Amino acid sequence: MLKIRNISLTQFKNYHSRSIGFEKRIIGICGNNGVGKTNLLDAIHYLCFTKSHFSRFDQGNSLIGFNGFRIEAEIDLENKNENAVCILRETGKKEFHLDAIPYEKFSHHIGRYPCVMIAPDDVQIITGESEDRRKWLDTLLSQLDKTYLTHLLQYNRLLQQRNSLLKNFAESATTDFTLLDVLDEQLVTQANFIFEKRKLFFNEFIPLLKNNYYRITSVNEAIELKYESELLSSSFIDLVKWNRLNDLSAQRTTVGIHRDELIFKLQNQPFKKFASQGQRKSLLFAIKLTELDLLKEKNDFSPLLLLDDVFEKLDENRIMSLLKTVCIENQGQVFITDTNNDRLSTHLNYLQLDFEIINL
Ligand SMILES: Nc1ncnc2c1ncn2[C@@H]1O[C@H](COP(=O)(O)OP(=O)(O)O)[C@@H](O)[C@H]1O
Ligand SMILES: [Mg+2]
(Lines give C-alpha, C1' and ligand atoms only; values in the text may rest on other atoms or scores of the structure.)
(Ligands and ions follow the chains in the order given, each with its own letter.)
Protein backbone atom coordinates (compact mmCIF):
# COMPACT_ATOMS: atom_id res chain seq x y z
CA MET A 1 0.00 0.00 0.00
CA LEU A 2 0.98 3.60 -0.55
CA LYS A 3 0.28 6.01 2.29
CA ILE A 4 1.49 9.44 3.27
CA ARG A 5 2.18 9.45 7.02
CA ASN A 6 2.84 13.13 7.41
CA ILE A 7 3.69 16.18 5.40
CA SER A 8 5.60 19.36 6.29
CA LEU A 9 5.21 22.50 4.27
CA THR A 10 7.56 25.46 4.44
CA GLN A 11 6.83 28.67 2.53
CA PHE A 12 4.57 26.73 0.20
CA LYS A 13 1.69 28.84 -1.13
CA ASN A 14 -0.32 30.09 1.87
CA TYR A 15 1.60 27.88 4.35
CA HIS A 16 4.41 29.52 6.27
CA SER A 17 5.38 26.45 8.22
CA ARG A 18 3.07 23.59 8.98
CA SER A 19 3.23 19.85 9.62
CA ILE A 20 0.22 17.59 9.32
CA GLY A 21 0.05 13.91 10.24
CA PHE A 22 -2.33 11.48 8.57
CA GLU A 23 -3.46 8.52 10.66
CA LYS A 24 -6.28 7.07 8.64
CA ARG A 25 -6.73 5.82 5.12
CA ILE A 26 -9.55 8.25 4.42
CA ILE A 27 -8.80 11.86 5.14
CA GLY A 28 -11.26 14.73 4.90
CA ILE A 29 -9.71 18.17 4.56
CA CYS A 30 -12.15 20.84 5.63
CA GLY A 31 -12.25 24.57 6.04
CA ASN A 32 -13.66 27.69 4.45
CA ASN A 33 -12.78 28.95 1.02
CA GLY A 34 -9.18 30.05 0.81
CA VAL A 35 -7.79 28.24 3.88
CA GLY A 36 -5.45 26.11 1.78
CA LYS A 37 -7.28 22.83 1.08
CA THR A 38 -6.41 22.74 -2.59
CA ASN A 39 -2.89 23.96 -1.79
CA LEU A 40 -2.38 20.97 0.49
CA LEU A 41 -3.47 18.59 -2.27
CA ASP A 42 -1.12 20.37 -4.64
CA ALA A 43 1.75 19.79 -2.21
CA ILE A 44 0.94 16.07 -2.36
CA HIS A 45 0.85 16.38 -6.14
CA TYR A 46 4.39 17.80 -6.00
CA LEU A 47 5.52 14.73 -4.07
CA CYS A 48 4.14 12.43 -6.75
CA PHE A 49 4.94 14.36 -9.92
CA THR A 50 7.70 16.78 -8.79
CA LYS A 51 5.43 19.58 -9.98
CA SER A 52 2.16 21.37 -9.40
CA HIS A 53 -1.15 20.19 -10.81
CA PHE A 54 -2.04 23.79 -11.56
CA SER A 55 0.88 25.93 -12.59
CA ARG A 56 4.03 25.35 -14.55
CA PHE A 57 5.98 27.97 -12.67
CA ASP A 58 7.41 26.69 -9.42
CA GLN A 59 8.39 30.17 -8.22
CA GLY A 60 4.76 31.25 -8.02
CA ASN A 61 4.16 28.54 -5.45
CA SER A 62 6.48 30.09 -2.87
CA LEU A 63 4.69 32.00 -0.15
CA ILE A 64 4.26 35.56 -1.33
CA GLY A 65 7.27 37.64 -0.23
CA PHE A 66 9.56 34.58 -0.07
CA ASN A 67 11.77 32.78 -2.56
CA GLY A 68 11.69 29.02 -2.51
CA PHE A 69 9.75 26.40 -0.62
CA ARG A 70 10.11 22.96 0.87
CA ILE A 71 7.70 20.04 0.94
CA GLU A 72 8.73 17.03 2.97
CA ALA A 73 6.86 13.81 3.70
CA GLU A 74 7.18 10.45 5.36
CA ILE A 75 5.71 7.90 3.04
CA ASP A 76 4.84 4.28 3.56
CA LEU A 77 5.44 2.42 0.32
CA GLU A 78 4.52 -1.25 0.69
CA ASN A 79 5.57 -1.29 4.34
CA LYS A 80 8.82 0.53 3.77
CA ASN A 81 9.23 4.00 5.16
CA GLU A 82 10.54 6.60 2.74
CA ASN A 83 11.41 10.24 3.08
CA ALA A 84 10.60 12.43 0.10
CA VAL A 85 11.58 16.08 -0.14
CA CYS A 86 10.90 18.59 -2.85
CA ILE A 87 12.85 21.81 -2.50
CA LEU A 88 12.76 24.97 -4.50
CA ARG A 89 15.95 26.84 -3.65
CA GLU A 90 16.06 30.62 -3.36
CA THR A 91 17.96 30.64 -6.65
CA GLY A 92 14.98 29.00 -8.34
CA LYS A 93 16.69 25.61 -8.63
CA LYS A 94 14.44 22.66 -7.84
CA GLU A 95 15.63 19.48 -6.15
CA PHE A 96 13.91 16.28 -5.27
CA HIS A 97 15.40 13.93 -2.70
CA LEU A 98 14.38 10.40 -1.89
CA ASP A 99 15.83 9.22 1.40
CA ALA A 100 18.31 12.10 1.22
CA ILE A 101 19.53 11.14 -2.26
CA PRO A 102 18.81 13.76 -4.93
CA TYR A 103 17.39 12.55 -8.22
CA GLU A 104 19.53 13.30 -11.23
CA LYS A 105 16.43 13.43 -13.36
CA PHE A 106 12.96 14.15 -12.01
CA SER A 107 11.52 11.83 -14.64
CA HIS A 108 12.99 8.90 -12.69
CA HIS A 109 10.61 9.65 -9.85
CA ILE A 110 7.41 9.64 -11.90
CA GLY A 111 5.33 6.57 -11.22
CA ARG A 112 6.92 5.77 -7.84
CA TYR A 113 3.98 7.33 -6.02
CA PRO A 114 1.10 6.80 -8.44
CA CYS A 115 -1.59 9.40 -7.96
CA VAL A 116 -4.93 10.41 -9.43
CA MET A 117 -6.23 13.90 -8.81
CA ILE A 118 -9.74 15.03 -9.55
CA ALA A 119 -10.14 18.80 -9.53
CA PRO A 120 -13.07 20.77 -10.97
CA ASP A 121 -10.87 22.31 -13.68
CA ASP A 122 -9.97 18.85 -14.96
CA VAL A 123 -13.13 19.02 -17.02
CA GLN A 124 -10.72 20.75 -19.43
CA ILE A 125 -9.76 17.24 -20.52
CA ILE A 126 -13.20 17.17 -22.16
CA THR A 127 -13.94 20.80 -22.96
CA GLY A 128 -10.47 22.28 -23.40
CA GLU A 129 -7.93 22.28 -26.20
CA SER A 130 -6.22 19.20 -27.61
CA GLU A 131 -3.11 20.22 -25.67
CA ASP A 132 -5.02 19.68 -22.42
CA ARG A 133 -5.92 16.15 -23.52
CA ARG A 134 -2.37 15.31 -24.54
CA LYS A 135 -1.09 16.60 -21.22
CA TRP A 136 -3.55 14.34 -19.39
CA LEU A 137 -2.61 11.37 -21.57
CA ASP A 138 1.13 11.92 -21.13
CA THR A 139 0.82 12.27 -17.36
CA LEU A 140 -1.04 9.00 -17.12
CA LEU A 141 1.13 7.06 -19.55
CA SER A 142 4.28 8.31 -17.83
CA GLN A 143 3.03 6.80 -14.60
CA LEU A 144 2.10 3.55 -16.29
CA ASP A 145 5.30 3.11 -18.24
CA LYS A 146 8.72 4.49 -17.33
CA THR A 147 10.05 4.26 -20.88
CA TYR A 148 7.19 6.39 -22.21
CA LEU A 149 8.33 9.56 -20.46
CA THR A 150 11.95 9.09 -21.56
CA HIS A 151 10.88 8.80 -25.19
CA LEU A 152 8.46 11.69 -24.91
CA LEU A 153 11.14 13.99 -23.48
CA GLN A 154 13.46 12.97 -26.29
CA TYR A 155 10.79 13.60 -28.88
CA ASN A 156 10.07 17.06 -27.51
CA ARG A 157 13.75 17.92 -27.45
CA LEU A 158 14.24 16.76 -31.03
CA LEU A 159 11.10 18.58 -32.12
CA GLN A 160 12.44 21.82 -30.66
CA GLN A 161 15.80 21.29 -32.36
CA ARG A 162 14.09 20.59 -35.67
CA ASN A 163 11.90 23.67 -35.38
CA SER A 164 14.86 25.95 -34.65
CA LEU A 165 16.71 24.39 -37.55
CA LEU A 166 13.78 25.15 -39.86
CA LYS A 167 13.78 28.73 -38.60
CA ASN A 168 17.52 29.03 -39.19
CA PHE A 169 17.10 27.76 -42.73
CA ALA A 170 14.50 30.41 -43.41
CA GLU A 171 16.59 33.19 -41.88
CA SER A 172 19.80 32.24 -43.64
CA ALA A 173 18.04 31.23 -46.87
CA THR A 174 20.01 27.98 -46.97
CA THR A 175 18.88 24.41 -46.39
CA ASP A 176 21.09 21.60 -45.15
CA PHE A 177 19.15 18.48 -46.04
CA THR A 178 21.73 16.11 -44.58
CA LEU A 179 21.33 17.65 -41.17
CA LEU A 180 17.56 17.50 -41.47
CA ASP A 181 17.76 13.83 -42.49
CA VAL A 182 19.70 12.98 -39.35
CA LEU A 183 17.23 14.77 -37.09
CA ASP A 184 14.24 13.26 -38.87
CA GLU A 185 15.55 9.77 -38.40
CA GLN A 186 15.83 10.29 -34.65
CA LEU A 187 12.47 12.01 -34.46
CA VAL A 188 10.78 9.16 -36.31
CA THR A 189 12.16 6.56 -33.89
CA GLN A 190 10.78 8.42 -30.89
CA ALA A 191 7.45 9.23 -32.56
CA ASN A 192 6.84 5.62 -33.56
CA PHE A 193 7.49 4.44 -30.03
CA ILE A 194 5.08 6.95 -28.51
CA PHE A 195 2.45 6.32 -31.15
CA GLU A 196 2.52 2.56 -30.55
CA LYS A 197 2.23 3.06 -26.79
CA ARG A 198 -0.70 5.44 -27.19
CA LYS A 199 -2.47 3.10 -29.61
CA LEU A 200 -2.08 0.09 -27.33
CA PHE A 201 -3.12 2.14 -24.33
CA PHE A 202 -6.42 3.20 -25.91
CA ASN A 203 -7.26 -0.38 -26.87
CA GLU A 204 -7.28 -1.11 -23.17
CA PHE A 205 -8.57 2.22 -21.88
CA ILE A 206 -11.66 2.71 -24.03
CA PRO A 207 -13.66 -0.41 -22.99
CA LEU A 208 -12.85 0.27 -19.33
CA LEU A 209 -13.94 3.88 -19.70
CA LYS A 210 -17.28 2.86 -21.20
CA ASN A 211 -17.84 0.47 -18.32
CA ASN A 212 -17.03 3.08 -15.72
CA TYR A 213 -19.26 5.65 -17.39
CA TYR A 214 -22.10 3.18 -17.32
CA ARG A 215 -21.39 2.34 -13.68
CA ILE A 216 -21.60 6.03 -12.73
CA THR A 217 -24.64 7.04 -14.75
CA SER A 218 -26.51 3.71 -14.86
CA VAL A 219 -27.88 4.73 -18.23
CA ASN A 220 -26.83 3.20 -21.45
CA GLU A 221 -25.65 6.34 -23.20
CA ALA A 222 -23.50 5.73 -26.22
CA ILE A 223 -20.18 7.31 -25.40
CA GLU A 224 -17.24 7.02 -27.72
CA LEU A 225 -13.60 7.93 -27.45
CA LYS A 226 -11.48 8.00 -30.54
CA TYR A 227 -7.72 8.35 -30.70
CA GLU A 228 -6.74 10.40 -33.73
CA SER A 229 -3.22 10.56 -35.03
CA GLU A 230 -1.75 11.35 -38.41
CA LEU A 231 0.35 8.24 -37.88
CA LEU A 232 -2.74 6.04 -38.08
CA SER A 233 -3.03 6.55 -41.83
CA SER A 234 0.60 6.75 -42.94
CA SER A 235 3.99 5.90 -41.56
CA PHE A 236 5.66 8.84 -39.88
CA ILE A 237 8.78 8.57 -42.00
CA ASP A 238 6.66 9.12 -45.13
CA LEU A 239 4.70 11.95 -43.52
CA VAL A 240 7.89 13.75 -42.57
CA LYS A 241 9.22 13.41 -46.11
CA TRP A 242 6.00 14.51 -47.79
CA ASN A 243 5.68 17.52 -45.52
CA ARG A 244 9.22 18.84 -45.80
CA LEU A 245 8.33 21.71 -48.08
CA ASN A 246 5.40 22.65 -45.88
CA ASP A 247 7.62 22.51 -42.82
CA LEU A 248 10.27 24.66 -44.45
CA SER A 249 7.79 27.36 -45.33
CA ALA A 250 5.92 27.15 -41.99
CA GLN A 251 9.29 27.05 -40.14
CA ARG A 252 7.98 24.35 -37.84
CA THR A 253 7.11 20.65 -37.87
CA THR A 254 3.56 20.38 -39.15
CA VAL A 255 3.01 16.64 -38.64
CA GLY A 256 3.64 14.32 -35.73
CA ILE A 257 2.41 12.92 -32.47
CA HIS A 258 2.48 16.42 -30.97
CA ARG A 259 -0.72 16.94 -32.95
CA ASP A 260 -2.55 13.80 -31.77
CA GLU A 261 -6.11 14.36 -30.60
CA LEU A 262 -8.76 12.57 -28.56
CA ILE A 263 -12.38 12.87 -29.57
CA PHE A 264 -15.10 12.21 -27.02
CA LYS A 265 -18.58 11.66 -28.38
CA LEU A 266 -22.02 11.24 -26.86
CA GLN A 267 -24.69 9.76 -29.11
CA ASN A 268 -22.41 10.44 -32.02
CA GLN A 269 -22.17 14.16 -31.25
CA PRO A 270 -19.08 15.95 -29.97
CA PHE A 271 -19.20 15.54 -26.20
CA LYS A 272 -17.98 19.02 -25.40
CA LYS A 273 -20.75 20.72 -27.36
CA PHE A 274 -23.58 18.27 -26.86
CA ALA A 275 -23.35 16.96 -23.30
CA SER A 276 -24.88 18.57 -20.21
CA GLN A 277 -22.74 19.72 -17.30
CA GLY A 278 -23.75 16.63 -15.35
CA GLN A 279 -22.80 14.33 -18.20
CA ARG A 280 -19.44 16.04 -18.49
CA LYS A 281 -18.85 15.55 -14.80
CA SER A 282 -19.80 11.88 -15.09
CA LEU A 283 -17.40 11.43 -17.98
CA LEU A 284 -14.64 13.14 -15.99
CA PHE A 285 -15.21 10.78 -13.05
CA ALA A 286 -15.28 7.83 -15.42
CA ILE A 287 -11.95 8.90 -16.92
CA LYS A 288 -10.41 9.26 -13.47
CA LEU A 289 -11.77 5.96 -12.18
CA THR A 290 -10.35 4.25 -15.23
CA GLU A 291 -6.97 5.83 -14.44
CA LEU A 292 -7.32 4.44 -10.96
CA ASP A 293 -8.10 0.95 -12.29
CA LEU A 294 -5.11 0.95 -14.62
CA LEU A 295 -2.65 2.29 -12.06
CA LYS A 296 -3.87 -0.22 -9.52
CA GLU A 297 -3.45 -3.06 -11.97
CA LYS A 298 0.05 -1.94 -12.87
CA ASN A 299 1.33 -1.49 -9.33
CA ASP A 300 -0.60 -4.06 -7.34
CA PHE A 301 -1.56 -1.30 -4.94
CA SER A 302 -3.94 1.65 -5.21
CA PRO A 303 -2.69 5.09 -6.19
CA LEU A 304 -3.19 8.07 -3.94
CA LEU A 305 -6.50 9.68 -4.72
CA LEU A 306 -6.91 13.43 -4.37
CA LEU A 307 -10.49 14.65 -4.65
CA ASP A 308 -10.79 18.40 -4.73
CA ASP A 309 -14.28 19.85 -4.23
CA VAL A 310 -15.88 17.03 -6.14
CA PHE A 311 -19.23 17.22 -4.33
CA GLU A 312 -20.20 20.62 -5.66
CA LYS A 313 -23.44 20.37 -7.65
CA LEU A 314 -23.77 16.61 -7.10
CA ASP A 315 -27.00 15.24 -5.68
CA GLU A 316 -26.99 13.01 -2.56
CA ASN A 317 -27.17 9.77 -4.53
CA ARG A 318 -24.24 10.66 -6.68
CA ILE A 319 -22.14 11.73 -3.70
CA MET A 320 -22.87 8.41 -2.01
CA SER A 321 -22.11 6.34 -5.06
CA LEU A 322 -18.90 8.27 -5.73
CA LEU A 323 -17.76 7.82 -2.12
CA LYS A 324 -18.56 4.12 -2.23
CA THR A 325 -16.48 3.70 -5.33
CA VAL A 326 -13.46 5.66 -4.13
CA CYS A 327 -13.47 4.71 -0.44
CA ILE A 328 -14.87 1.18 -0.31
CA GLU A 329 -14.23 -0.48 -3.65
CA ASN A 330 -10.86 1.26 -3.73
CA GLN A 331 -8.52 0.42 -0.89
CA GLY A 332 -5.94 3.18 -1.26
CA GLN A 333 -5.41 6.39 0.68
CA VAL A 334 -7.93 9.06 -0.23
CA PHE A 335 -7.84 12.80 0.46
CA ILE A 336 -11.15 14.62 0.09
CA THR A 337 -11.59 18.36 0.42
CA ASP A 338 -14.90 19.94 1.36
CA THR A 339 -15.91 23.31 2.74
CA ASN A 340 -18.67 21.55 4.63
CA ASN A 341 -17.29 19.39 7.44
CA ASP A 342 -20.79 18.19 8.46
CA ARG A 343 -21.74 17.07 4.99
CA LEU A 344 -18.53 15.08 4.54
CA SER A 345 -18.60 13.53 8.03
CA THR A 346 -22.26 12.54 7.68
CA HIS A 347 -21.64 10.76 4.41
CA LEU A 348 -18.50 8.99 5.58
CA ASN A 349 -20.20 7.93 8.83
CA TYR A 350 -23.18 6.62 6.93
CA LEU A 351 -20.85 4.42 4.91
CA GLN A 352 -19.28 3.26 8.20
CA LEU A 353 -15.85 4.30 7.10
CA ASP A 354 -12.88 4.81 9.39
CA PHE A 355 -11.82 8.35 8.58
CA GLU A 356 -10.35 11.50 10.03
CA ILE A 357 -11.11 15.13 9.34
CA ILE A 358 -8.40 17.73 9.27
CA ASN A 359 -9.74 21.21 9.85
CA LEU A 360 -7.46 23.77 8.30
N1 LIG B 1 2.11 31.87 -3.40
C2 LIG B 1 1.18 32.14 -2.48
N3 LIG B 1 1.51 32.82 -1.36
C4 LIG B 1 0.57 33.09 -0.42
N5 LIG B 1 -0.69 32.75 -0.53
C6 LIG B 1 -1.07 32.06 -1.61
C7 LIG B 1 -0.16 31.73 -2.65
N8 LIG B 1 -0.82 31.05 -3.60
C9 LIG B 1 -2.10 30.97 -3.18
N10 LIG B 1 -2.25 31.57 -1.99
C11 LIG B 1 -3.47 31.73 -1.20
O12 LIG B 1 -4.00 30.47 -0.92
C13 LIG B 1 -5.40 30.61 -0.79
C14 LIG B 1 -6.13 29.61 -1.60
O15 LIG B 1 -5.85 28.40 -1.13
P16 LIG B 1 -6.65 27.17 -1.65
O17 LIG B 1 -5.88 25.99 -1.23
O18 LIG B 1 -6.99 27.30 -3.08
O19 LIG B 1 -7.98 27.32 -0.78
P20 LIG B 1 -9.18 26.34 -0.62
O21 LIG B 1 -9.16 25.94 0.81
O22 LIG B 1 -10.39 27.15 -0.96
O23 LIG B 1 -8.97 25.20 -1.53
C24 LIG B 1 -5.79 31.99 -1.30
O25 LIG B 1 -6.14 32.77 -0.20
C26 LIG B 1 -4.54 32.46 -1.96
O27 LIG B 1 -4.39 33.82 -1.83
MG1 LIG C 1 -10.00 24.64 -3.19
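How many bridges join β4 to β5? Nine bridges join these strands, which run antiparallel. The report below describes the surroundings of this pair and then other parts of the structure.

This is a predicted model, in which local features need pLDDT of at least 70 and side-chain atom pairs count only at pLDDT 80 or more, while totals for chains, interfaces and linings use all residues. Residues are numbered from 1 along each chain as its sequence is written, and chains are lettered from A and ligands numbered from 1 in the order in which they are written.

Helices (H or I, at least four residues) and strands (E, at least two) are DSSP runs, numbered from the N terminus. Two strands are said to pair if DSSP finds at least two bridges between them. Strands of a sheet pair through backbone hydrogen bonds, either parallel or antiparallel.

An open sheet is formed by six strands in the order β2-β1-β4-β5-β6-β7, with antiparallel pairing. Strands β2 and β7 (101–102) stand at the edges with a single partner strand each, so one side of each has no neighbour in the sheet. Helix α1 (residues 37–49) packs on this sheet and touches β1, β2, β4 and β5 (80–88). The direction of α1 makes about 110 degrees with that of β1; axes are lines fitted to C-alpha atoms, for helices over the stretch in contact, and angles run from 0 to 180 degrees between N-to-C directions.

Strand β1 (residues 2–12) pairs with strand β4 (residues 69–77) in the antiparallel sense over eight bridges. In this pairing Leu2 stands opposite Leu77 of β4, and Lys3 stands opposite Asp76 of β4. Strand β1 also pairs with strand β2 (residues 15–21), again in the antiparallel sense, over six bridges. Strand β6 (residues 94–98) is joined to β7 by two bridges, and the two run antiparallel.

| Residue | Partner | Strand of the partner |
|---|---|---|
| Thr10 | Ser17 | β2 |
| His97 | Pro102 | β7 |

**Hairpins and positive phi values**

Most residues other than glycine have a negative phi, and most peptide bonds are trans. Strands β1 and β2 form a hairpin with two residues between them, and Lys13 in the turn has a positive phi of about 45 degrees. Strands β4 and β5 likewise form a hairpin with two residues between them. Glu78 lies in the loop between β4 and β5 and has a positive phi of about 45 degrees although it is not a glycine.

A residue is buried if 20 or more other C-beta atoms lie within 10 Å of its own, exposed if 12 or fewer, and partly exposed in between, with C-beta atoms placed from the backbone. Glu78 counts as exposed because it has 11 C-beta neighbours inside 10 Å. Asp309, in the loop between β12 and α10, has a positive phi near 50 degrees and is a residue other than glycine. Asp309 has 17 C-beta neighbours inside 10 Å and therefore counts as partly exposed.

**The three-stranded sheet**

Another open sheet has three strands in the order β9-β10-β11, with antiparallel pairing. Its edge strands are β9 (223–228) and β11 (269–270), each of which pairs on one side only. Six bridges join β9 to strand β10 (residues 261–266).

**Helices**

The axes of helix α4 (residues 146–172) and helix α5 (residues 177–217) come within 9 Å and cross at roughly 145 degrees. The residues of this contact divide into 13 nonpolar, five polar and two charged. Here Ala, Val, Leu, Ile, Met, Phe, Trp, Tyr, Cys and Pro count as nonpolar, Asp, Glu, Lys and Arg as charged, and the others, Gly among them, as polar. Two residues are in contact if their C-beta atoms, placed from the backbone, lie within 7 Å.

Helix α10 (residues 316–329) has 14 residues and reaches 19 Å from its first C-alpha to its last, close to the expected 20 Å. The expected span is 1.5 Å times one less than the number of residues. Leu322, Leu323, Val326 and Cys327 of α10 are buried. The buried residues of α10 pack against β3 (26–30), α9 (277–299), β12 (304–307), β13 (334–338) and α11 (341–350).

**Asn359**

Asn359 belongs to strand β14 (residues 355–359) and is exposed, with 9 other C-beta atoms within 10 Å. Leaving aside neighbours within four places in sequence, Asn359 is in contact with Cys30, Gly31 and Asn341.
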